[in-house]
Amino acid sequence: MKIKRLTRFWLVFLAPVLWPVAGHAQADLALTGANTNEMEKRIDELVSQMTLEEKVSLVHADSKFTTAGIARLGIPPRTLSDGPHGVREEIARDSWRPAGRTDDFSTAMPAGICLAATWNPDVAFQEGETIGQEARARGKDIMLGPGVNILRTPLGGRNFEYLGEDPLLAARLAVGFIRGEQSQNISSCVKHFALNNQEFQRDSINVEVDERALREIYLPAFKAAVQEAGVGCVMGAYNQFRGQHCCENDYLLNQILKGEWGFRGLVMSDWNGAHNTREAALNGLDLEMGTEKPYHDYYLAQPYLEGLKSGEFPVAGLDDKVRRNLRVMFATRAVDSNRQRGSLNTAAHQAVSRKVAEEGIVLLKNENHFLPLDPARIQSIAVIGENAVRLQTHGGASSEIKAFYEITPLQGLVNRVGKQVNLTFSEGYRKNGDPALAERAVAAAKAADVVIYVGGLNHDLGNDCEGGDRTSLKLPYGQDELIQKIVAANPHTIVVLDGTMVEMDAWLDQVPAVLQAWYSGMEGGNALAGILFGDVNPSGKLPATFPRHLADSPAHALGNYPGTNGVVTYQEGLLVGYRWFDTKNIEPLFPFGFGLSYASFEYTNLVFTVTSGDPGVAVEFGIKNTSAVAGAEIAQLYVQPVNPGVARPLKELKAFKKVFLKPGESQFISLRLGPSAFAYYSPDQKSWVARPGDYKILVGASSRDIRLQDDFKLTKSTRFN
Ligand code: BGC
């Protein structure tokens, strides 16, 4: 192993190079830190002036998305809104019906899984900042996102909203997003804490998971949101964990979140996710939301007030809840009302939405450089598939957006090549559609030089939609057969898939190019056309493993989805996603971290730099763009323990970096691994432990495309929380 050793003196000198400081200033939410004394004093004063009734009024809803203010004390009402993809349309005060307004359009960002596929925390910051600006313009105080639940099963109905299967990737993107959003005097609300990994029986399913998997897989993104991004709010999940609903779960809320992690913001329930006054009062819930009229009948309202009066519940507990609510209000300047001004749907906002799409769309296959297409050499393109014209941003339930506009794939192609190339459109399939659609599509395919098929999933219940899981990994509506027929008619067929992962065996070998477009937001069609015609070089990589078949993925291989008798036991433990496929040596369809570019990259010269007194290591290497086009590469660093002595996944992602390189350009990359990169959670010691010993450090272009590796000996043992 090539190791450079540095002394402390050099450490000071080189620090900015070796330890790239997080790209953005700490978020504006001063829940902790130096300026908090003044704020805490004001909060104490307010609390001392409140009646019991006033205090209780601050810990529950007074409509679907608002809480009451206390006018005599200058405490304003609060307005909350979904969600992770932009500011949702206005919902009626007392029902789920849209309010029917005309001033509630907003910029629709690509779905969370597309953001995750960018592997770019700076882009996540920009997205959060943009949504924060729009939230300000729409008069919101708290935005209900990001969603960071780990993708455990490919069937999870909300996988599209979340940030993939890896805790580190999800954490880095969540931190970027929250810092951006909170920089706008808006509180983010990271959700759903915790283990909301399926929609099947989501209100009641009891999740049993061992302590290590809880800590190592399911909690890190939440912990980073709290400790690194200073998130103001955490939303409890609907499901139960170890027999107690997550919105009232003493272990999760009191012990871990507020105790161990020191969270000082507020915990709110998911909508109607509280179940019991006593548990809500005592187990860490600070704000009950999502109830129905009359709001004062619910758990943290009148029944709580009565329990406080009778002495069943301590007033100190209520005061703590009130303080947490006020803290978020002060930190977002809701009380002083000198807040950031908002803006809606500016050109800059549209550009951010497009950028997320351009960086998140993943090129999965590109045989013989079939893409990018050269419009000068093509006379006709048959665009086929319902998703070429389907509006996707206003779907999927709570994360849906009433977009100012939405550029569909067909519109994007018309915008890009409509004047040069003869474009035809044929629907091809439709839910309960008739076979004539397929016949017409095949005829259109035959008549064209190239086919661009745009299919995949949509946001209907049973596809990618809140409230239910998918029932199969296969493409719906007979699309496998349709694609086969189209390819037989025209082998120059590019397949573009919306949605989360699907099986592709039926046709993958027969098509030259495949793109995973997820749900790419209101600029998605322009982004896609840009990639197809080479204006944009694809740079997204998969944030989750695509299994060849459902039975290959852990929850299904072990038969522990969706659970029995209301309990789902995560028997795969730590082996979620690529951790399972790698450890069990199962070939995925496309591995975690995979994605092609029109450029090619060379990795060179792996060096480890150890500095005396520092328990970690700086891993340095070079990346060169060896092609004639500019492009971006996402270098991924995995750590593989050698004979670890405790159960560990074969390897785990511990750092990554997206680099943009001109043709022929090289860049030196330095990624620091601290003790946490080597640590596992020890339930016995109730802390993280990095054991001295041998580790392999693997650097590559995906989890299955390791380009550089070397052995590293960790000499110090470290324990931390
Ligand atoms: C969802 C949350 C959402 C809330 C408010 C719930 O059904 O689980 O993610 O924020 O509704 O719309």
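Start by selecting Tyr 298: at 23% relative accessibility, this residue counts as partly exposed (buried is under 20% relative accessible area, exposed over 50%, and partly exposed in between, using a 1.4 Å probe and protein chains only). What you have open is a predicted model, where local features need pLDDT of at least 70, side-chain atom pairs count only at pLDDT 80 or more, and totals for chains, interfaces and linings use all residues. Residues are numbered from 1 along each chain as its sequence is written, and side-chain values use heavy atoms, with hydrogens and water left out.

Time for some rings. The structure has 22 aromatic pairs. Tyr 298 and Tyr 299 make one of them, edge-to-face, with 6.3 Å from centre to centre and 75° between the planes. To pair, rings of Phe, Tyr and Trp (its six-membered ring) need centres within 6.5 Å; planes under 30 degrees apart are stacked, over 60 edge-to-face, and the rest tilted.

Next, pick Phe 678 and Tyr 695. Why is this pair edge-to-face? The ring centres are 4.9 Å apart and the planes sit at 70°, so the pair gets that label. The two link distant parts of the chain, 17 residues apart: Phe 678 is in the loop between strand E22 (666-673) and strand E23 (680-682), and Tyr 695 is in strand E25 (residues 693-702). Helices (H or I, at least four residues) and strands (E, at least two) are DSSP runs, numbered from the N terminus. Phe 678 is buried, at 0% relative accessible area, and Tyr 695 is buried too, at 5%.

For a whole group, select Trp 119, Tyr 578, Phe 592, Tyr 638 and Phe 656, which ring pairs link into a cluster.

Then look for charges over rings (NZ of Lys or CZ of Arg within 6 Å of the ring centre and within 35 degrees of the ring normal). Arg 152 has its charged end over the ring of Tyr 570, 3.9 Å from the centre. Over the ring of Phe 105 you'll find the charged end of Lys 402, 4.8 Å from the centre.

Jump to helix H13 (residues 347-360) and find Ser 353. Is Ser 353 buried or exposed? Buried, with a relative accessible area of 0%. Leaving aside residues up to four places away in sequence, Ser 353 touches Thr 107, Ala 108, Met 109, Pro 110, Met 522 and Glu 523 (contact means heavy atoms within 4.5 Å).

Last stop: residues 6-28, where pLDDT stays under 50 (pLDDT is the predictor's confidence in each residue, from 0 to 100).
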